[in-house]
Amino acid sequence: MKNNEPRNEVVAQTYDLLNLDQIEEARKVIGKYARRTPLVQSMFLSNNVAHADVYLKLENMQLTGSFKFRGANNKINHLSDEEKKHGVITASAGNHAQGVALTGKLSGIDTTVVMPDEAPQMKRDATRGYGAEVDIHGATFDDAHDWMHERAEKEGKTIVDPFNDSLVCAGQGTIGLEILEDLVDVETIIVPVGGGGLISGIATAVKSINPSIHVVGVQSENVHGMKASVDAGKIVKHHDDFTLADGTDVAVPGDITYGIVSKLVDEIVLVSEEEISKAMKDLMQRTKIVAEGAGALPTAALEAGKIDKKWIEGKKVVALVSGGNVDLQRVSQIIDHFFSPVDTHKAGIG
């Protein structure tokens with residue numbers, strides 16, 4: 001957010017992209033299926049790490065193990081009968097895929113999901129388990145995303161974009177409403193960022209109600225298309241290497257999400273792969289929470305001191321655990337990495 005712009009005016013400028021009414025309406029739409037997830041205080045993060053009141057919003061306990069069910073469900077439930085009849089298609093590394101697949105199963109709609117080669121096997125299997133056709137295509141999410149558009153045009157399928165859609169963002173924004181209801185005086189909210197749908201929805205929701213809340217995005221040093229774009233003042237690409245946070249492995253953000261994030265998100269910080277793996281380990285060991293790499297990004301930022309203390313120490317802070325869909329093999333690798341000598345390059349960490 002630009003420091004010289006009044007906060008209320010900045011929020012108002014995003015209404016053509018997304019607004020609070022859409023988010024409140026989304027909550028009514030998805031309420032039939034989506035869970036209201038817990039907000040729990042972490043004494044470990046509060047006392048040992050941040051010296052603050054740190055709460056974890058546990059979207060790893062959402063249906064399909066990720067917040068993505070909210071946005072997918074809201075989008076699909078807004079489609080016309082004609083659009084539903086032709087079936088829907090999406091691209092995803094796994095979490096949005098499962099949200100679309102489960103919603104399709106619940107609604108009796110054919111679903112196709114394009115997943116990149118790097119998509120974890122457990123996310124592929126889970127997506128198929130919900131009844132979707134899984135099409136493995138391309139090395140990265142962005143390759144899969146391009147192929148999604150090609151297939152949609154050829155086959156007449158309706159696209160359910162994983163992030164660059166106001167209805168998807170509105171579904172994710174329902175998390176912000178729940179946070180404010182459970183912790184009305186929250187001061188800082190820390191959110192993982194990939195394509196930007198999650199943080200766009202949350203930032204719109206909370207800043208529409210309380211513009212003084214400090215919203216922080218977290219991305220991997222290896223893949224941070226959104227931060228690179230915000231820093232450049234235009235949409236650019238960034239993808240250097242593999243990231244444990246595969247759920248946020250998006251090299252190029254969407255125009256809708258970029259527009260919202262550049263206006264409403266106060267800062268985006270970066271964490272290393274080592275910091276992500278440590279956060280995953282600590283969430284398991286100290287808070288008994290299984291988080292995938294993307295879900296551990298906010299904890300990684302807290303542990304690594306990447307956010308200015310003025311927004312953390314003595315504050316009421318919410319760190320979002322966006323998902324818990326992690327391969328057991330990956331969990332084993334992380335445990336081995338911290339508790340026994342291993343080749344961390346082969347393990348995909350370090």
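1. How many salt bridges does the count come to? The count comes to 23 salt bridges. The model is a predicted one. Side chains of opposite charge can pair when their charged atoms come close. Three of these pairs are taken up below, after the overall form.

2. Start with the whole protein. It has 16 helices and ten strands. Its radius of gyration is 19 Å, close to the 20 Å that the globule rule gives for 350 residues, so the protein is as compact as a globular protein of that length. Along the principal axes, the C-alpha atoms fill a box of roughly 55 × 50 × 40 Å. Of the 350 residues, 60% are buried.

3. Take the pair Glu 181 and Arg 36. They form a salt bridge, and their closest N and O atoms are 2.9 Å apart. Glu 181 sits in helix α9 (residues 166-182), while Arg 36 sits in the loop between α2 (20-30) and β1 (39-41), so the bridge ties together parts that are 145 residues apart in sequence. Are these two buried or exposed?

4. Next, Lys 75 and Asp 165. Their side chains meet in a salt bridge of 2.9 Å, N to O. Lys 75 belongs to helix α4 (residues 68-76) and Asp 165 to the loop between β6 (158-159) and α9, so this pair ties together parts that are 90 residues apart in sequence. Both Lys 75 and Asp 165 are buried.

5. Then Arg 151 and Asp 135. This salt bridge has its closest N and O atoms 3.1 Å apart. It links distant parts of the chain: Arg 151 is in helix α8, Asp 135 is in strand β5 (residues 133-136), and the two are 16 residues apart. Arg 151 is buried, and so is Asp 135. The pair also belongs to a network. Salt bridges with shared partners join Glu 133, Asp 135, Arg 151, Glu 155 and Lys 157.

6. Which residues gather in a patch of negative charge on the surface? They are Asp 117, Asp 143, Asp 146, Glu 150 and Glu 153. Residues in such a patch have over 30% relative accessible area and no salt bridge.

7. Is Ala 144 buried or exposed? Ala 144 is buried, with a relative accessible area of 0%. Ala 144 and Ser 92 are 52 residues apart in sequence, and their C-alpha atoms are 7.5 Å apart in space.

8. Ile 335 is found in helix α15 (residues 328-339). It counts as partly exposed, at 38% relative accessibility. Ile 335 and Ser 92 are 243 residues apart along the chain, and 27 Å separates their C-alpha atoms.

9. One strand residue gives a further distance. Pro 192 is placed in strand β7 (residues 188-192). It counts as buried, at 4% relative accessibility.

10. Finally, backbone angles. Most residues other than glycine have a negative phi. Thr 64 has a positive phi, near 70°, and is not a glycine. Its place is in the loop between β2 (53-58) and α4. Thr 64 is buried, with a relative accessible area of 9%.

11. Lys 288 is another case to check. Its phi is positive, about 60°, although Lys 288 is not a glycine. Lys 288 is found in the loop between α13 (273-287) and α14 (297-303). It counts as exposed, at 66% relative accessibility.

Notes:
Residues numbered from 1 in each chain as written. Predicted model: local features only at pLDDT ≥ 70, side-chain atom pairs only at ≥ 80, totals over all residues. Heavy atoms only, no water. Patch = residues over 30% accessible without salt bridge, like charges linked within 9 Å, V, L, I, M, F, W, Y side chains within 5 Å. Areas by Shrake-Rupley, 256 points an atom, 1.4 Å probe, with all protein chains shown as cover. Salt bridge = Lys/Arg side-chain N within 4 Å of Asp/Glu carboxyl O. Lys, Arg positive; Asp, Glu negative; His and termini not counted. Charge placed at Lys NZ, Arg CZ, Asp CG, Glu CD. Helix = DSSP H or I, 4+ residues; strand = E, 2+ residues; numbered from the N terminus. Rg over C-alpha atoms; globule rule 2.2 N^0.38 Å. Buried < 20%, exposed > 50% of the residue type's maximum accessible area, 1.4 Å probe, protein only.
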